[in-house]
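The questions below ask how the descriptions of a structure follow from its values. Each answer sets a value against the rule that gives it its name.

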Amino acid sequence: MGLFNTLFKKKEEKTASAIDQQIGKQFTNENDFLEKFGALALEKQRNLYSVTGGLSWNVDMDKEEITFGDDLTFPMQVLGSFSHSSETWLWIWDNKAGGYAESVMKQALMLKKYGEENNIDLLKVGKFDAVSNDLHLIGMIATEMFNTSGYYLGNYGQGTMVVTIKSDAIDKSESDELSRILTVFPELISTFEIQNHKNAFTNYLTQKGYKLTLNENEIKAEKNENVINAVFNENNLLTKLNGNS
């Protein structure tokens, strides 16, 4: 793929550009993010996979682009990388040896600032011991905070880099909404330890424009011809989910 000719190539010195991207959503900790925006972020990954799934990938740090296959090229932002040997995450802004331009790490720098202002270690600590879910969570946070089309985990052998991608082709990827919801939400709560499934479900369906009717521990969500029913236990954890159109 020619990855090592581009991934670790130092950029020539450039005048640092202003970080003009703004944080669009607010959360106070990791669980708060997952309950508010986790399902939406995970949903975008299915759109991304429908366009890029199974294709080889390569990055050009000078052009700040990622290419899938022979001709699918998208602008990217680099968040950081995970070392397979030390099992540690390193934010790109703390990678002193990289020599990367500030323009390719705008989102990472904005998340660092947000982490410092809100005391979120995941975003403000440059290097830390990590597991696979941390990479996904970091990608999901950036995806929602900057309204990108999704994030990609690129395995380059010694490690995995995490980048965000913006593409109209990905955003416009079509899917059946009902089946998407019935797949994405169970995937979210099985992948991450979320304290309140009921809150996460309510936020997800409300953001997608559904009208919700609450009856004790049951929620009925309706939009056009779609009807979704969810049941939660006394701890607000999901026990039943179904839908029809």
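Q: Why does phenylalanine 68 count as buried?
A: The relative accessibility of phenylalanine 68 is 0%, and buried means under 20% relative accessible area, so phenylalanine 68 in this predicted model counts as buried.

Q: Why does tyrosine 152 count as buried?
A: Tyrosine 152 has a relative accessibility of 18%, and because the limit for buried is under 20%, tyrosine 152 counts as buried.

Q: What makes the aromatic pair of phenylalanine 68 and tyrosine 152 edge-to-face?
A: The ring centres of phenylalanine 68 and tyrosine 152 are 4.9 Å apart, with 85 degrees between the planes; centres within 6.5 Å make a pair and planes over 60 degrees apart count as edge-to-face, so that is the name this pair receives. Phenylalanine 68 belongs to strand β2 (residues 65-68) and tyrosine 152 to strand β6 (residues 150-155), so the pair links parts of the chain that are 84 residues apart.

Q: What makes strands β1 and β2 a pair?
A: Strand β1 (residues 57-60) is joined to β2 by four bridges, with the two running antiparallel, and since two strands pair if there are at least two bridges between them, β1 and β2 meet the rule. Valine 59 stands opposite isoleucine 66 in β2. The two strands form a hairpin with four residues between them, and in its turn glutamate 64 has a positive phi of about 60 degrees.

Q: How do you know that β2 and β3 pair?
A: Four bridges are found between β2 and strand β3 (residues 72-83), in the antiparallel sense, where at least two are needed. Isoleucine 66 stands opposite phenylalanine 74 in β3, and in the hairpin of β2 and β3, which has three residues between the strands, glycine 69 takes a positive phi near 65 degrees.

Q: Why is the aromatic pair of phenylalanine 27 and tyrosine 114 called tilted?
A: The pair of phenylalanine 27 and tyrosine 114 has 5.3 Å from centre to centre and 35 degrees between the planes; stacked requires under 30 degrees and edge-to-face over 60, with the rest called tilted, so 35 degrees gives a tilted pair. Phenylalanine 27 lies in the segment before α1 (30-52) and tyrosine 114 in helix α2 (residues 106-118), so the pair ties together parts that are 87 residues apart in sequence. Phenylalanine 27 is buried, with a relative accessible area of 1%, and tyrosine 114 is buried, with 5%. Ring pairs also link Phe27, Phe33, Phe37 and Tyr114 into a cluster.

Q: Why is glutamate 30 called partly exposed?
A: Glutamate 30, which lies in helix α1, has a relative accessible area of 33%; buried would need under 20% and exposed over 50%, so the value falls in between and glutamate 30 is partly exposed. Leaving aside residues up to four places away in sequence, glutamate 30 touches Leu122 and Leu137.

Q: Why are β8 and β11 said to stand at the edges of their sheet?
A: The open sheet of four strands has the order β8-β9-β10-β11, with antiparallel pairing. Strands β8 (211-215) and β11 (238-244) each have a single partner strand, so one side of each is left without a neighbour in the sheet. From one strand to the next, the twist averages 15 degrees.

Q: How do you know that the buried residues of α7 line one face of the helix?
A: The buried residues of α7 are His197, Lys198, Ala200, Phe201, Tyr204 and Leu205. Seen down the axis of α7, these buried residues fall within an arc of 160 degrees, so they line one face of the helix. What covers them includes α1, α6, β8, β9, β10 and β11.

Methods. Residues are numbered from 1 along each chain as its sequence is written. This is a predicted model: local features need pLDDT of at least 70, side-chain atom pairs count only at pLDDT 80 or more; totals for chains, interfaces and linings use all residues. Side-chain values use heavy atoms; hydrogens and water are left out. Axes are lines fitted to C-alpha atoms, for helices over the stretch in contact, and angles run from 0 to 180 degrees between N-to-C directions. Rings of Phe, Tyr and Trp (its six-membered ring) pair if their centres lie within 6.5 Å; planes under 30 degrees apart count as stacked, over 60 as edge-to-face and the rest as tilted. Buried means under 20% relative accessible area, exposed over 50%, partly exposed in between (1.4 Å probe, protein chains only). The arc is that of the directions from the helix axis to the C-beta atoms. Contact means heavy atoms within 4.5 Å.
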